[in-house]
Amino acid sequence: MFNFLSNKPLHDPLADPAPGAINEVKCTTCYMCACRCGIRVHLRDGALRYIDGNPNHPLNQGVICAKGASGIMKQQSPARLKQPLLRKAGSERGAGEFEPIAWERAYGLLTERLRHIRATDPKKFALFTGRDQMQALTGLFARQFGTPNYAAHGGFCSVNMAAGMIYTIGGSFWEFGGPDLDRARLFVMIGTAEDHHSNPMKIALSKFKRAGGRFISINPIRTGYSAIADEWIPIRPGTDGALFMALLHELIRTDTLDHGFLKRFTNAPQLVVLDEGEREGLFAFDPDPEKGPPGDGRHPHNKLVWDKSSGRVLNAYPEGIADGCDPALGGHYTLADGTRVAPSFQLLRERVAACSPEWAAAITGIPAERIRKLAFEMGHAALTQAFELPIPWTDAWGKLHPTTQARPLAFHAMRGLAAHSNGFQTVRALAVLMSVLGTIDAPGGFRHKAPYPRHIVPNYRAFNAPEMIQPNTPLNAAPLGFPASPDELAINPDGSPIRIDHAFSWEHPLSAHGLMHNVITNAVKGDPYRIDTLLIFMANMAWNSSMNTMAVREMLNRKDEHGEYMIPFLVVCDAFNSETVAFADLVLPDTTYLERHDVMSMLDRPISEFDGPVDSVRVPVLPRTGECRPFQEVLIELASRLQFPAFTTGEGTRKFKDYPDFVINFQPQPGIGFLMGWRGKDGSQHLRGEPNPKQWEMYAQNNCVFQYPLPEGMHYMRNWNRAYLDFAKDKGWRQKNDPVQLALYSDTLQGFRRAAQGKTTGRQPPEGLRERIATYFDPLPFWYAPLEEAAIDLQAYPLNAVTQRPMAMYHSWDSQNAWLRQIHSHNYLHVNPLTAQAAGIEDGGWCWVESRWGQVRCMLRTNEAFEPGTVWTWNAIGKADGAWQLASGADESRKGFLLNHLTSEELPFDGGSISNSDPITGQAGWYDVRVRIRPADPGEAEESFPQIKATPAPPGVRDVGERVLRYFAKGAKP
Ligand code: SF4
């Protein structure tokens, strides 16, 4: 028996645990979250023993988090799916009754079905993927299939952050840019708790704080990174835009601005037409044909400025920036033809004039004096504490800048800003705030990561031609892109949506990432049409990836008058038995990240650093489990069997043996492939070159990562840096080498607005959407209340409810993890003590949380780290009973809960309904939901509500916990 008082160790930790065993260390890339750190996987006799951070990896430099180190328990998960499954004939969806089938049968079923759809009506196939990292491949598959109905998870994640920033400064936070904490003096983090840049952010924050930097966190909740902030400023959810507008008000009022930057590098001095008529609200232009077409999102450079020195109008480039010219940022002027104009910055000045700190204080809950001081602190950091780096660079118009101007004020923001129906304009306001202080791609400010910055608007047009949906024909454009005008919307001649999720329609014109949260609802409603097959990869749509979870579960089971499911065929590809698997007609078992090849490619989502592009790979370090096959391999196989042109030779044979072969040999442009390192036949070329048959081996020998350090002269000011722009074009990262002027004023948005106002001759929105477009497509940022507020009684639902992803878990993936479950096995509703007291609920007590859309019962904890008007919880810890092979009655299902039951994917609109999303981008308004709380009755069951009946374990999935326990048994091999 174990003697608790003995000082004798259970075993000698220094002794060789398995004499004679073969110990190996293999490098690959973590996928316990989206951060993509380098890891070392330690194996004994080929079995996984231990994972640690790779010290030679540029991203995490050896740092690993709790999730990363616990990958071993994901590999051992009892919830692993191990063979293809077909729903048993006669069983109901959701019952989880399956028969195992061979891959050949699964491929046969799917190929036959997809071949028929492709030959008849390709749009009846929809491919929607969750948190995957291979959108260049999935997007290519959909395009080659010929369906526009494709998107990844961005529409319900952070498309507002991506689109709001890209349409304003040409880049965005996280993988495409971020705060330069090595040189910043003040760091303002807003709407971020713990994000996708986790370990690098922790490393950077640690250095920043040790160097004496000041860190201010603005957030309704003080969690995550905010724990080490020097100051926490609580703010009401959904009001960040009002704060930014007030900060702009203060900075402009006090003339705390980077005038030189605004005049040369932004559209602030460019003249906007004020008169009614064809060009109203658009930029004035030079009609000389040599100056190019009038300025718009695709042709941004033919604009005019008012030169204060000469008192006349000049072309913005190059005359308007010539030495001696002084473009006006304020005032009103008249052109020679009598047209009244004003610099766009004058219009911004007029816009923010009413947005005083007192105005914002009433909205945000932040005292007016604190807002004023914040504006001062920002201006002080950016302008007074500014310095120059001795790095000369030449701008796009040939001017040599002998030094590089640092602006040591850095921001970071993410989903807290994005996941609101006012998120796009809020993010625009932040980007404008960052711009007026000159912090864009400046040392100490926001810095881009290759392949960004993109053009404003990026040269990626989404598919927009319904006549191009033809049998057995690829689309003539990618399903996703960045529209620059109504002409680029995916709509039918009558203005109705082409896509099943209504993306790129008049409902959500700039929905660059699609609207995954509306796919099931729309498909079941047949709006705009019924589909046949929905293929979902790695998204838990029957649980934590859907708003209105219970309704979505019901919809997945809904049948038409003929007894056929409204979505006739549902294919789910996942590595684990999630809540969604039970609803599938066909289940395709995916591998784990340790069992497959992957690429983090410059063609979609690389892991670039500020100083140069970086891409990386995963290589298999373990054999595949059971019959699992990576989803990439499934796509290559299906594409080959269906004989997509890009996957088939001229002789009709398959072009690519498998996924690794595809990665090496597929080239969207000559010399450009999925991986940029070790190209050329012998691996001696980088960035561009012929395919190298040994490319995978070279990555595997080099920590699975390739880094290309750019020369110092290309490190900054890349929107306008001539050397960088030429280099980026040459390497295929951009189509033009034009400079990217910051769009403080968005004539692209104004183009949509004018169409809605009936002032254009081209495409115009349906009558019912005119006012919506005209209101929200404002060329200048503004704050408006989240849309849900118009649909509810604010007195009845006085609190905001928000969620965060816990540091120790990545969405639903990790509540099955035997180690991580020891940190969280259930969640609480966290509430300020004053709020709980007012509701009569004790710390630790059971309570009801109610919205207009639903209710949950859960346990409550009090803490002063929460803004009193906000209730909050961890996301995706709550589980359906028995899902993920947790034991029936596990804490996750009995005490854990989901806030998703309180959100609706639709809002009432114009006598019908419309997606509960940002009206510009379609970003899901997760954090808009308003709630009230009340104590549970003493006699009520002490368990969370709603409860879901457990479904049987699918064939091949192990009994609960057995394998995990055996892992610890002495001498046993996992
Ligand atoms: S931060 Fe994410 S990618 Fe990095 S080690 Fe942790 S789980 Fe893995």
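## Close-up views of a predicted model

**View 1. Helix 7 and helix 9 make a left-handed crossing.** The model shown here and in the views below is predicted. Helix 7 covers residues 240-253, and its axis comes within 9 Å of the axis of helix 9. The two axes cross at roughly 115 degrees. On the helix 7 side, the contact is made by Met245, Leu248, His249 and Ile252. These residues meet Phe345, Leu348, Arg349, Arg351 and Val352 of helix 9. Sorted by class, the contact between helix 7 and helix 9 comprises six nonpolar residues, one polar residue and two charged residues.

View 2. Strand 16 spans residues 340-343 and is joined to strand 12 by three bridges, the two strands running antiparallel. Within this pairing, valine 272 has alanine 342 of strand 16 as its bridge partner.

**View 3. The largest cavity has a volume of about 820 Å³.** The model contains eight cavities of 30 Å³ or more. A total of 47 residues line the largest cavity, and those nearest its centre are Arg415, Arg805, His811, Asn875 and Tyr927. Helix 12 (415-418) and strand 29 (799-804) each contribute at least two residues to this lining. Strand 29 gives the most, with four residues. The lining of the largest cavity is made up of 19 nonpolar, 21 polar and seven charged residues.

**View 4. The second largest cavity holds about 190 Å³ of space.** Its lining consists of 20 residues. Pro300, Lys303, Ile456, Gln741 and Ala743 are the lining residues nearest the centre of the second largest cavity. By class, nine residues of this lining are nonpolar, eight are polar and three are charged.

Conventions:
Residues numbered from 1 in each chain as written. Predicted model: local features only at pLDDT ≥ 70, side-chain atom pairs only at ≥ 80, totals over all residues. Heavy atoms only, no water. Pairing = 2+ DSSP bridges. 1 Å grid on protein atoms, 1.4 Å probe; cavity = no way out; pocket = protein on both sides within 12 Å on 5 of 7 lines; lining within 4 Å. Points joined across faces, edges and corners; volume = space filled by probe spheres on them. Nonpolar A, V, L, I, M, F, W, Y, C, P; charged D, E, K, R; others polar. Axes fitted to C-alpha atoms, helices over the stretch in contact; angles between N-to-C directions. Left-handed = near helix turned anticlockwise from the far one by under 90°. Contact = heavy atoms within 4.5 Å.
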